[in-house]
Amino acid sequence: MTSTTHSPLPGPGGPAPDKLAFTVPSGRRRVTPVRVGREFRRDRLLPQLIRKAVLDDEGQQCVQVRLSAKEAANPAARALLDTEAGTALQLNQLLFDTEYATLFPRLLGYELDTAEPYLLYDPPRGTPVARIHVMSATDQEIFTRDLMLALYLLEGQGLVPRGVSPGTVFWDGARVQLWGLESVTRTGRPRRPWGRAPFCSPEQRRGEALADARDAVWSAAQVLYQLVTGRPGPADQPPADLRDHRKLDQTLRPAFAPRAADRPTPAQVLDLVAPGTARRVRLAVPPDETRPHHQAFEEALRLKRQAPAARTRTEAGSEQTTGEVLCPYCLESIRLDLTKLFVTDSRMQYQPLDLKGINNPVRRTDIMRGAVQKCTADPEFPTHYIPVPYLTYGRPLTVAMVGQSSTGKSHLLTQMIAAITDGGLEPYGLKWQSVNPEQHARFIRDRVQPLRSGKVLDHTAALGMDDFARFVESLLITDARGQVRPVAFFDLGGEDLVRTDAALRFLLGVDALVFVVDPALALPLPQLDHARERWGVEVNRDGDLAFGTVLDRLPKNGGYVDVPAAVVLGKADLLRFQPPVDRWLNRPPATALDPELMREESRDVYGLLRRHAGPAWLRPFDAIRRCTLHIASATGGQEDHGRYPAGAGPRRVLEPLLALLALHGLIHVPGGADVLAVGEAPALEAVPWDEAGEAGPFATSDGPEEPDGSEEGEPR
């Protein structure tokens, strides 16, 4: 944080103060008059502005870190402020009421989904090290201990601060306070250039390999070297005069190694300068409360693996020997009939198509792709037309979105289809083509483009059956083997589901289900109270009624429903600072399906819902044998006065569909697609009981073996 001269705050007799409405770390809302001083740039390389402020409801002094409207229009600038807020909130939750809380800035509140987002902090404690020229040897020891303690606490959360420098480390004569939280990244993420030499490590400066906690150890060593000598050290090697500074040389010489692998960890340096401190920290930090929920998830997978395997439907619809498919509008069976084809004229009116005079096969194929067939399967249904390609590639794979109308299904499905058309399936060996170019262009114009520009989409009614199943869009997907299959997307009518024969017939033909969980309805977390108040909804411990209506109508085999499914915790931007959502929402897009990572995400979402929402919201996972769980946000933030301030930035919207396509064989997964949803059976689990002896497969000469309870995965 850079210091500069600026005007004092206006006094009580000055202009009437503005008002701020923001969320405090506990999740509740606070509205207060505020007086602010002149703002200045925090760092000339960063977009954030900073100014002093007084919250007049309590006379509380603070600093405001904010983005101007111009800077906030840049998603990268908003991402930095989100990172800072998320890290500050995570540390507040972890260290609240411990002696270690003062090592980091104390966040008072935040307001991020607005045209000029901001954070509010307690004023910095102390002076930036950049302005300190002399420090006693005793203070240097305390300074080193505190700085390494801060890095150790961050390392325990899987976080790496890339911005440790004389400008972000403060000292008040007794304790360190580490700012610059916008620089934090996660351990194991690709390094990106950040910071200034010599305080950024050589590998970080070059953007090489993966982020490591020892990157920050290099930075801390350089800060200490400058503090001791009054000058910066070399950018890529140990200082030549390090031996002249005995204490520094004894404690930090390995920290100046050019390669992270050759440096000590924060814990190793901490144990050297303050033996026993790391152990005391471990005892003070709250224990992991997710373990029992993760164990319940693994037990649920074990039971699913032991259930009879479902008979999968054929990938290309070879069962459909009659050539019939289900009409996506009236939901009656229909087959290709060349006497009922139409094309649109220049006035967008349907005109009959006669193929008799078209003998050129290339031209005939091109015309057929843009043609439609009038469906007459249900004479009482309004006139409707089906794209010909929908009828010519075997039985379509139908994907149905399930959830109440307020869950954000429309935005999620729109962004899911938009991600496909942007080439999101190509890394997985899939290509797409519109079933009907005219209809697809209309979908892009009317849905995708307005949403991307920041407009909140209306709930649009589509031609459908009693509002039960609304056809949204269909695409032709070509897999790596060259097989083409239509994929049709439907939006099931939420609370309007009806018990009719047509509805049951549709559900029996569905190939994949996406259950969308609205966190405002499911999770009684205080940070969601403001959203519930704005939308006029309450927490529903009984779950989404649409989930039960659909699940009650699907047949079971071996105790489970056979239809592959994905449960999506939507609107996840509302929880972007809540573990484990924070771990997944900003994860860089993958280019291959990783079964282990997908199971970890499923485990984390299961644990969050089981801990806070209750069993009703997990019913799809419990009822369906092959079911994955995901975190996604269609917009990346909440609307403000009918628009998304920075446009709608989707996050992880394609992952649920990728899992479903893999479970239907369109994407190859090593070890078989089922491992995505049910995991791999441990060796002992796979041994039949009668082959393991009368004592059972877990018997040993020393008695039953207890699991060690260890878990894999990156720390959070």
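Let me begin with a term: two strands pair if DSSP finds at least two bridges between them, and strands themselves are DSSP runs of E with at least two residues, while helices are runs of H or I with at least four, both numbered from the N terminus. What we have here is a predicted model, in which local features need pLDDT of at least 70 and side-chain atom pairs count only at pLDDT 80 or more, whereas totals for chains, interfaces and linings use all residues. Residues are numbered from 1 along each chain as its sequence is written, and side-chain values use heavy atoms, with hydrogens and water left out.

The chain holds 21 helices and 28 strands, and 53% of its 716 residues count as buried, meaning under 20% relative accessible area with a 1.4 Å probe, protein chains only.

Strand 8 is joined to strand 10 (residues 169–171) by two bridges, and Pro128 stands opposite Phe170 in strand 10.

Ile132 counts as buried because its relative accessibility is 16%, and, leaving aside neighbours within four places in sequence, Ile132 is in contact with Thr127, Trp171 and Leu227.

How values were computed: Buried < 20%, exposed > 50% of the residue type's maximum accessible area, 1.4 Å probe, protein only. Contact = heavy atoms within 4.5 Å.
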